[in-house]
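Subject: Structure handover

Dear colleague,

Below is the structure I am passing on to you. My notes on it follow.

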Amino acid sequence: MNATFWWVAYPYLCLALLIGGSLYRYAYRPLTWTSRSSQLLETRWLRWGSPLFHWGILFVLAGHFLGLVIPVAAWQAMGISSTLYHQGADLFGGLAGLAAWIGLDLLLIRRLANPRVRRHSSPSDLLILGWLWLVVTSGDAITLVYNHLNGPYAYRHTVGPWFRSLFVLHPEPNLVTHLPVLFQVHILLTFGLLALTPFSRLVHLFSAPVAYPRRAPIQYRRRTPYGHEIPGS
């Protein structure tokens, strides 16, 4: 594996596609900036799958932020030992990851098994859901399997500093070249997901519904009053 490409060029390429692709789509194809909801096609599976996935992945992302962005020294200054941190990460991160995985499974089954939903699914819909499944599954495998079989891996001393080094434009690939393979696969899949985001329905994650309460309600009205039906309609 070429360390310079995979741990320097590849992350920057994915981030460039994420930023550049999102700006282009927002500027030149604003009407496609949507999640393309399929709620009208099926609700029973969506009612369970969507909340489980979205709430689960929200807490997973929060956990990743706490572990990768905040240095170990800051946790120690707050009196949180490595043992306590890893116990909390395994418990809460494991529950959140499991919820996201179950929700994603339900959404995948719904999209593949329901004829109406499948008929209205584009190739990018299936690609992004499948890729998401690989990212979440590999992350859960780290938290729920690897950490319990091998003990908590000190990713805050390797992945964390490497991740932060990318954003200060001083990448340190040597920090992650000797990671366990499962960790490397999870990281590369995650950056690949970022690169795919602007070209899929996942782009809606950048949309905050701040204007929704101020938006005028949509009203549907009949073309003709009740009792005055159009002949032959």
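In what order do the elements of the protein run from the N terminus on? The order is α-α-α-α-α-α-α-α, and the protein has eight helices and zero strands. Helices (H or I, at least four residues) and strands (E, at least two) are DSSP runs, numbered from the N terminus.

This is a predicted model, in which local features need pLDDT of at least 70 and side-chain atom pairs count only at pLDDT 80 or more, while totals for chains, interfaces and linings use all residues. Residues are numbered from 1 along each chain as its sequence is written, and side-chain values use heavy atoms, with hydrogens and water left out.

Overall figures

Of the 233 residues in the protein, 36% are buried (under 20% relative accessible area; exposed is over 50% and partly exposed in between, with a 1.4 Å probe and protein chains only). The accessible surface comes to about 14900 Å², and carbon and sulfur atoms account for 69% of that (Shrake-Rupley method, 1.4 Å probe; for residues, only the protein chains shown count as cover). Taking contacts between residues at least 6 apart in sequence, 79% join residues at least 24 apart, where contact means heavy atoms within 4.5 Å.

Helix H2

Helix H2 (residues 44–68) has 25 residues and spans 37 Å from its first C-alpha to its last, close to the expected 36 Å (1.5 Å times one less than the number of residues). Its buried residues include Leu-46, Phe-53, Ile-57 and Val-60, along with Gly-49 and Gly-56. The buried residues of H2 pack against helix H4 (82–113), helix H6 (123–150) and H7.

Cores

The largest nonpolar core has 21 residues, and Val-159, Trp-162, Ile-187 and Phe-191 have the most contacts inside it. A nonpolar core is a set of buried Ala, Val, Leu, Ile, Met, Phe, Trp, Tyr and Cys residues joined through side-chain atoms within 4.5 Å. H1, H6, H7 and helix H8 (181–196) each supply at least two residues of this core. A second, separate core has 17 residues, among them Ala-96, Ile-128, Leu-189 and Leu-193. Not counting residues up to four places away in sequence, Phe-191 touches Tyr-10, Pro-11, Cys-14, Leu-15, Trp-162, Phe-163 and Leu-166.

Aromatic rings

The whole structure holds 12 aromatic pairs. Rings of Phe, Tyr and Trp (its six-membered ring) pair if their centres lie within 6.5 Å; planes under 30 degrees apart count as stacked, over 60 as edge-to-face and the rest as tilted. One of the pairs is Trp-7 with Trp-162, edge-to-face at 5.7 Å centre to centre and 85° between the planes. This pair links distant parts of the chain, with Trp-7 in helix H1 (residues 3–28) and Trp-162 in helix H7 (residues 159–167), 155 residues apart. Both Trp-7 and Trp-162 are buried. Phe-5, Trp-6 and Tyr-10 form one aromatic cluster.

Individual residues

Is His-86 buried or exposed? His-86, in helix H4, counts as buried because its relative accessibility is 13%. Neighbours within four places in sequence aside, His-86 is in contact with Pro-152, Tyr-153, Tyr-155 and Arg-156. The charged end of Arg-156 sits over the ring of Tyr-85, 3.9 Å from its centre (the criterion is NZ of Lys or CZ of Arg within 6 Å of the ring centre and within 35 degrees of the ring normal).

Leu-127, in helix H6, has 44% relative accessibility and therefore counts as partly exposed.

Regards
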